[in-house]
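I am opening a notebook page for this structure, and I will write down each thing as I look it up.

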Amino acid sequence: MQFGLSESQEFLKDSARKFFAGECPSAEMRRLMETDTAYDAALWAKLTDQGYTGIIFAEEYGGVGLGKVELMLLMEEAGRALLPGPFFSTVVLAGSVLDAVASPAHKKKYLAPICRGEARATVAILEAGASWNPRDVQLTAANGKLTGEKLFVSDAAVANFILVVAKNGVFIVDARAPGLKISPMSAMDLTRKLYVVEFKDTPAELLGPTTNLPRALDIAAAALAAELVGGMQRTLDTTVEYAKTRKQFGKPIGMFQSVQHQCADMYLETESSRSAVYYAGYALEENTPDAATSVSIAKMYASDAGRTVGNRGIQIHGGMGFTWENDVHLYYRRAKASENAFGDATFHRERIAQLVIDTPTTAHAAR
Amino acid sequence: MDLKLTAEETSFQEELRSWLATNAPKDWADWREKPLEESYPYLRAWQRKLHEGRWAAVSWPKEYGGRSATLMQQSLFWEEMARVEAPPMANSLGLGLIGPTIIACGTEAQKKRFIPKILSAEEIWCQGFSEPNAGSDLAGLQTEAKLDGDRYIVNGQKVWTSYGWVGDWCELVVRTDSTAAKHKGLTALLVDMKSPGVEVRPLRQMTGESEFNELFFRDVKVPVENVLGKVNDGWNVAMSTLMYERGSYGARLQLTFNRYISRLIELARTTMRNGRPASEDPLIRQKLAQCSAEIEIMRFNQMRAFSRITATGVPGPEGSIQKIFWSELNQRLQQIAQELLGSYGQLLAGDPHAIDKGIWSYAYLRTRGNTIEAGTSEVQRNIIGHFVLGLPRSY
Ligand SMILES: Cc1cc2nc3c(=O)[nH]c(=O)nc-3n(C[C@H](O)[C@H](O)[C@H](O)COP(=O)(O)OP(=O)(O)OC[C@H]3O[C@@H](n4cnc5c(N)ncnc54)[C@H](O)[C@@H]3O)c2cc1C
């Protein structure tokens, strides 16, 4: 039994960190954030060359076939760089949903182009009620057509196809389909754009029933938690650096205990989130009985920690932390969006309660 | 990352399981809530039995009566002990902190003399570090030892000494050179608590019991062969003891917490709130879920730390997050228990209406000590700030 990363996992994480530092430094992240879609074709091609677009998918669809722990590591590093654009929407979210619900033929048609870097995609889940519980979805396909509205759909404007969660299955809609209208929503996180997607008699192809959807959403939730860990680590690093160099009253501010102890708490929360995320990746990969619980534990903890680490990071930067130029707020914005996406801490605590209180045989009792 | 048990881990677990199946006492529940003074002989007997099966100190090297167990095997050990609800061991400081320090820093003669009796619980150990004027700032301690021929003469006072009332021996940190810098003039001594001049006074804790004591030393004679480590190197000896202290607690507490939360979930099903079971109350559900998740995260942190220590060979200052995590989590956990139990939460052991023989009122009060003992939360945050994050020392 060992909880550390293997050599190849360390290697992947290291090379991902170097890759993002080189290809998506702060200036590039800021340039993309100011564009309409935050998508850049050249960067996408480089992500593809690295094999990142196919990271967890089977080789027969052009994927690399790595595990969920590796996905967590990649997302952690993407989060550290605040990678803008549709990587999460396409690869993690749409990719996992396709992988979980689609037939082999559909995977060849839709998942393979994602792996090859030729297509972008997203998944439309939320409706006006904005519930992350798939059971609350109302939209229903009739005669192969969809009519209705989805909200908070990430990166829809650059998607070649949109997966739609409906009451009667998961459907796929071509971006050029008639009756499809995509309009931007204006939201806090500038690096991952959100859209309203409207359907009016829009042709939609059924991919499969929603039975296996929860597992795909769990992968997405865990990956977002991993991304939050990367963001926390970056915020911690810049804050500690600032606390060492900024001087007031003739001393580095990091010498003041109220500052230093906040840094210690940021460290504790970042490391604890990381432990929870790695375990969730492992549990998903191995399909352990506590996989769903462990995803909720990770998402719950990282959702709250992402926010509190950001709170402290901004506070310790003083007025500098409140400026637009300082990147800390950009991470803070992402953290808020990710806190909410796929269920915030309150949502996941309730899910944990269902898993450990209402069904006493899981989690604690199982060991 | 691979959390499946290796062949050695599985065989370790199986051997322990079958040993426990025949040897674990069945009547611990009758003793658990009794005062420690009453249950102590029972705990000694249990430790002796464990020692006969070579299970008392699995982490210790084989040549000293242990099993050279890896950190993962150690956590399996505590997991199994918790699974069968085994009693704790009587000589917990001897086994957990002081024995390992003697093995690491002691002479061959000291190991021969002391180790076997630590294992068999024939000699109980206590840890005499803190003084009235030296707690967090341990290096400021004033108890002095003067060399007089082939012995030291010790004078001074220690405080908060857990197990002082039952201790046969004490790892005592004293000042042997008052002219040196404060960290440099300290020495660790192994002191026979039955020596003339040692006085042990009970010190009542806020929980009402007297688990710890005040110790007074008046011209106590300690032979030079009882110096542990080198003269004036007591700071490093003490630090190695504290490292064992901070490292060893977490793994065991994990399982205590699991027992607490499982019991609280059970209680939530039968405790009524606004006309329905508390387990259906959304706020209680949120709080129980948060706690149960944090208990799991504590386990994940521990496993990651163990893997890192196994890889690097040293338990770094990162161990401080474990200390902060378990102590503060235990306080949150007990607060939730109080909220859930409402008026019943306050009832003490012995009250006929008390739930679970009053453990919840006791545990609630006892957790206040958690963020003080073994280095306060503030000190742990200083350690992270300075030694992990590289911030300048704040004091
Ligand atoms: C249940 C229990 C069992 C114990 N068992 C033993 C034992 O067996 N043997 C033994 O030797 N000792 C034992 N202790 C003592 C324990 O180690 C000390 O209480 C502890 O180290 C704190 O020292 P102090 O009590 O002198 O408090 P102080 O050091 O006076 O601290 C008082 C307050 O000031 C804060 N403070 C102090 N210095 C700093 C700083 N630099 N930065 C920020 N804040 C600071 C502390 O965090 C604390 O909040 C036990 C204590 C308890 C509660």
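What volume does the second largest pocket have? I find about 600 Å³ for this pocket, where a pocket is an open set of points on a 1 Å grid over the protein atoms alone, with protein on both sides within 12 Å along at least five of seven lines, and a volume is the space filled by probe spheres set on the points, which are joined across faces, edges and corners.

I note that this is a predicted model, in which local features need pLDDT of at least 70 and side-chain atom pairs count only at pLDDT 80 or more, while totals for chains, interfaces and linings use all residues. Residues are numbered from 1 along each chain as its sequence is written, chains are lettered from A and ligands numbered from 1 in the order in which they are written, and side-chain values use heavy atoms, with hydrogens and water left out.

**Pocket lining.** I looked up the 25 residues that line the second largest pocket (an atom within 4 Å of a point), and A:W132, A:N133, A:P134, A:P214 and A:R351 lie nearest its centre. By class the lining has 15 nonpolar, 4 polar and 6 charged residues, where Ala, Val, Leu, Ile, Met, Phe, Trp, Tyr, Cys and Pro count as nonpolar, Asp, Glu, Lys and Arg as charged, and the others, Gly among them, as polar.

**Cavities.** I then turned to cavities (sets of points where a 1.4 Å probe fits but cannot get out), and the structure holds 5 of 30 Å³ or more. The largest cavity has about 120 Å³ of space, and of the 16 residues lining this cavity, A:L228, A:G231, A:M232, A:Y331 and A:A335 are the closest to its centre. For the second largest cavity I find about 80 Å³, with a lining that includes A:E271 and A:S275 as well as B:N301 and B:R304.

**A:K68.** Is A:K68 buried or exposed? I record A:K68 as buried because its relative accessibility is 11%, and buried means under 20% relative accessible area, exposed over 50%, and partly exposed in between, with a 1.4 Å probe and protein chains only. Leaving aside neighbours within four places in sequence, A:K68 is in contact (heavy atoms within 4.5 Å) with A:I56, A:R215, A:I219, A:G281, A:L284 and A:E285.
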